[in-house]
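Hi,

Here is the structure I promised to pass on. Have a look at it first, and then read on for what turned up.

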Amino acid sequence: TIVLHFGQPLLSSIIFNIKLQPEHFAYFRLQTCTFFCNSLILLLRGYFAGKKRNDLFFSVIAIIVGSQVLFNIAMSSYSQYFYTILSVGCAELLAKILGLCFYLNIFINSFLSEQNKTPRISGRHIQQLLTFIAPLYAFGILDHYATVMLYQLAGLTLSSQGFSSLVLVFSVLGCFPGMGFGLAAMTPVSRSFGKKAFRDAYKTILYFTLTGSWFIFTLSLLLCLNLPVLLSYLTHDISLMRISLLPMQIMLFTSGIHVACQVSIRSLQAVDQTRLSTYINLVIVYGCRMLMLFAYYQGIQVRIYHFFLALMFEKVLKLLWMQSYLYYYLHKLSRKSSNIYFSKA
């Protein structure tokens, strides 16, 4: 409620004297609901992981990604407002709601069967849920402030076709299951970390990072070979297809880095470094976005492909920082554990 009522002046203070357009802040409002759904999905995913129901995780990812693709295609075909930021936000929110409903349905049935069909949810349970959700929700809000800054800068520097191209490419990027690989890595990494098998934890991180990034990169290469066909499904505007070609190629070629970043963030959380993962992400994102704003204020012309090159630079920096920390942190713990073992022996 605080974010919805006071988010606009807060965002305006961050982006200085750039006037926030109403549709951009409306998209921000939609995303606050999306972040809340994300937080609940992550919480339920952890609950079912504890019950060894990891199969549900892949079902939810398939539902969210598949429905988001379908919603985007449907809006492309039947709505003249598809290439507005609001319709993309609606497609993402609806997809997350479907995934959350799937999880909630199974959770309620499971809970009722365990409690002999007599629900017993106390105030303590609700407080614990909110305690887990709050940091995830706060991180999502802060991260999205930077995203809205990017859209606002695009609205000021790009033509209407260029802005439409940015939204189009982002809508495709949102369908990539980068977070899915990261969430899949959390359980085995945290399990090894809990057993103090620190080298095994790092090997697991590398396995998911390399497997996920190479899988998505290979898929992206296949999409690049058929890029005109992909764009034809999303738009029938020939000029928009032509403008979107280069940024879409940059996005697809860097999609593997996007997945590797998601795995790295979740791996840091799995080894009890949640605050650090948030710090790294926010410092780099805000730092790079401020540099783009500085370039705008200096009168440097910002083109559509500059946005995706800047995003690539952000991801590379985050990946190097997080992976370096994971390597030194886990190897340091492993050496300490070995020294303790030999001293006792």
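This is a predicted model: local features need pLDDT of at least 70, side-chain atom pairs count only at pLDDT 80 or more; totals for chains, interfaces and linings use all residues.

Let me start with the aromatic residues. Seven aromatic pairs come out of a search of the whole structure. In one of them, the ring centres of tyrosine 325 and tyrosine 329 lie 5.3 Å apart with 15 degrees between the planes, so this pair is stacked. Both tyrosines sit in helix 13, and being four residues apart there puts about one helical turn between tyrosine 325 and tyrosine 329. How exposed or buried are the two partners? Tyrosine 325 has a relative accessible area of 26%, so it is partly exposed. Tyrosine 329, with 18%, is buried.

Another pair is made by tyrosine 327 and tyrosine 328, and this one is edge-to-face, with 5.1 Å from centre to centre and planes at 85 degrees. Tyrosine 327 is partly exposed, at 35% relative accessibility, while tyrosine 328 reaches 59% and counts as exposed. Tyr327 and Tyr328 also belong to one aromatic cluster together with Tyr202.

Next, the charged side chains. How many salt bridges does the structure hold? There is one, and it joins the side chains of glutamate 314 and arginine 289, with 2.8 Å from N to O. Glutamate 314 belongs to helix 13 and arginine 289 to helix 12 (residues 274-297), so the bridge ties together parts that are 25 residues apart in sequence. Glutamate 314 and arginine 289 are both buried.

Finally, the nonpolar side. The largest nonpolar core has 82 residues, and the members that touch the most others are Tyr103, Leu166, Met248, Met251, Phe307, Phe308 and Leu330. Helix 13 (residues 304-344) supplies the largest share of this core, with eleven residues.

Happy browsing, and do write back with any questions.

Best wishes

Notes
Residues are numbered from 1 along each chain as its sequence is written. Side-chain values use heavy atoms; hydrogens and water are left out. A nonpolar core is a set of buried Ala, Val, Leu, Ile, Met, Phe, Trp, Tyr and Cys residues joined through side-chain atoms within 4.5 Å. Buried means under 20% relative accessible area, exposed over 50%, partly exposed in between (1.4 Å probe, protein chains only). Helices (H or I, at least four residues) and strands (E, at least two) are DSSP runs, numbered from the N terminus. Rings of Phe, Tyr and Trp (its six-membered ring) pair if their centres lie within 6.5 Å; planes under 30 degrees apart count as stacked, over 60 as edge-to-face and the rest as tilted. A salt bridge is a side-chain nitrogen of Lys or Arg within 4 Å of a carboxyl oxygen of Asp or Glu.
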